[in-house]
Amino acid sequence: MDTTVLHTDLPKLIIKNKALLPVVQGGMGVGVSAHNLAGNVALLGGLGTISSVDLRRHHPDLMKQTGQSRDKEAINAANLVALDREIRAAKQKAQGNGMIAVNIMRAVADYAAYVKQSCESGADAIVVGAGLPMDLPELTADYPDVALVPILSDVRGISLILKKWMRRDRLPDAIVIENPQFAAGHLGAATIDSVNDPHFSFSVVIEGTLALFDQLGIPRDRIPLIAAGGIYTPAQVKALLQLGASAVQLGTSFAVTEEGDAHRDFKRVLAEARADDIVTFMSCAGLPARAVRTPWLINYLDKEQKLQSKACPKDCTVGFDCLHQCGWRDGNAKAGQFCIDTQLAFALQGDIKRGLFFRSAEPLPFGSAIRPVRELFDYLLNGIHPQIEQTSHPALLMQSA
Ligand SMILES: Cc1cc2nc3c(=O)[nH]c(=O)nc-3n(C[C@H](O)[C@H](O)[C@H](O)COP(=O)(O)O)c2cc1C
Ligand code: SF4
């Protein structure tokens, strides 16, 4: 395999003085972006992101110790060991190229411990979504070389973070602007009905953020903006760079690459899904989420109203208490009524019947083909589309129903 850094004539994304490819690989849990995907992205000169959620699932020895355990402390400790191993393995794979980031959801109970561990294990950047990381500068104060990158969806959220961080003399090293109308996984909108709200559109948020920088006295080129959600063509990349973004971030398209850390059937479910297979629903984390209508999700959505009408507080299904607020455990009828950790772990293993498969709303660059990361970069950055024989797959979802 050719392992040299990929060339592009497009302007580089600069974070902490490091020049990176202007296409970023977003963090994807559970285990979908671990050391292999992130390390290979960085090797080519990109920003590769490990998702910190429940990484012990990639380590049989840690699963042997904790797979049946209901000891929260032991599960959290195993996950920190797994995170440490994944960061070190990704950095080794990257051979000093690119950057390795860790994505940590603010909504996760052990968020602060994941932040500390990531810094200690040598992550180059911490990327936080699913909530406002107001306290991130304090948590990372001992590691000034680690880049801090919040994921936000509107100008209001960006303004809150900037004003709070500026009081601590810190600015984000980049901001990911994720559009809930198109992105995969948890979406940065309060309700399902509001995900298409025009105030989330890239043009409104990018222009509004640049105006906010002017108001706050921040030079316009000081904080790179990274647009995420529904991007799959080189024309979109160019248009967003022209609009004022310094880079774009993709999730689903990286999840289905050869190097993606999930099972091959996970990739096939995402890659073969058609527009009407994709649905937006409420997650137990209390946020809308987007996924493929696979057998478990169809069945759950059929029963959702009934489950919500009976919602009541109960013990965490697996004793892990992964979320600060879990609609299923806490009995919050407005949120999803299932254990997301269990369903995402099934998906990672390629269990089509029982898994929950997060996916964006848009088509993918190579249709249903699973291709290497290098080709994805070469297409988005240089417009080089590989020769792909599009086989018409027997619909994987139908087979498993
Ligand atoms: C399978 C999957 C899991 C994801 N998990 C996370 C996550 O744990 N944290 C996060 O901030 N974003 C997560 N995302 C969102 C991506 O990082 C990315 O921002 C988003 O998918 C971009 O939209 P796209 O899929 O249209 O490219 C996930 C996306 C996918 C496809
Ligand atoms: S029941 Fe809720 S808090 Fe417990 S592991 Fe599942 S998603 Fe996490």
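Okay, let's start with ligand 1: helix 9 gives the largest share of its shell, 3 residues. Being in a shell here means being near the ligand, that is, having a C-beta atom, placed from the backbone, within 6 Å of it. Helices (H or I, at least four residues) and strands (E, at least two) are DSSP runs, numbered from the N terminus.

Quick housekeeping: this is a predicted model, where local features need pLDDT of at least 70 and side-chain atom pairs count only at pLDDT 80 or more, while totals for chains, interfaces and linings use all residues. Residues are numbered from 1 along each chain as its sequence is written, and chains are lettered from A and ligands numbered from 1 in the order in which they are written.

Back to ligand 1. There are 30 residues around it, and Gly26, Gly129, Gly185, Gly251 and Ser360 come nearest. The elements giving two or more residues to that shell are strand 5 (99–105), strand 11 (247–250) and helix 9 (252–255). By class, we get 13 nonpolar, 14 polar and 3 charged residues. For the classes, Ala, Val, Leu, Ile, Met, Phe, Trp, Tyr, Cys and Pro are nonpolar, Asp, Glu, Lys and Arg are charged, and the others, Gly among them, are polar.

Now, which residues are closest to ligand 2? Those are Cys316, Cys322, Cys326, Cys339 and Asp341, out of 14 surrounding residues. This shell splits into 10 nonpolar, 1 polar and 3 charged. Helix 12 (327–330) and helix 13 (340–348) each put in at least two residues.

Helix 13 is worth a stop. It's mostly covered, with 7 of its 9 residues buried (20 or more other C-beta atoms within 10 Å of a residue's own, C-beta atoms being placed from the backbone). Asp341 is one of the buried ones, and so is Leu344. The buried residues of helix 13 pack against helix 10 (264–272) and helix 11 (295–309). Just after helix 13, glycine 350 has a positive phi of about 80°.

In the contact (C-beta atoms, placed from the backbone, within 7 Å), Asn76, Leu80, Leu83, Asp84 and Ile87 of helix 3 meet Ala113, Tyr114, Gln117 and Ser118 of helix 4. By class, that's 5 nonpolar, 3 polar and 1 charged.

Technical notes:
Buried ≥ 20, exposed ≤ 12 C-beta atoms within 10 Å, placed from the backbone. Contact = placed C-beta atoms within 7 Å.
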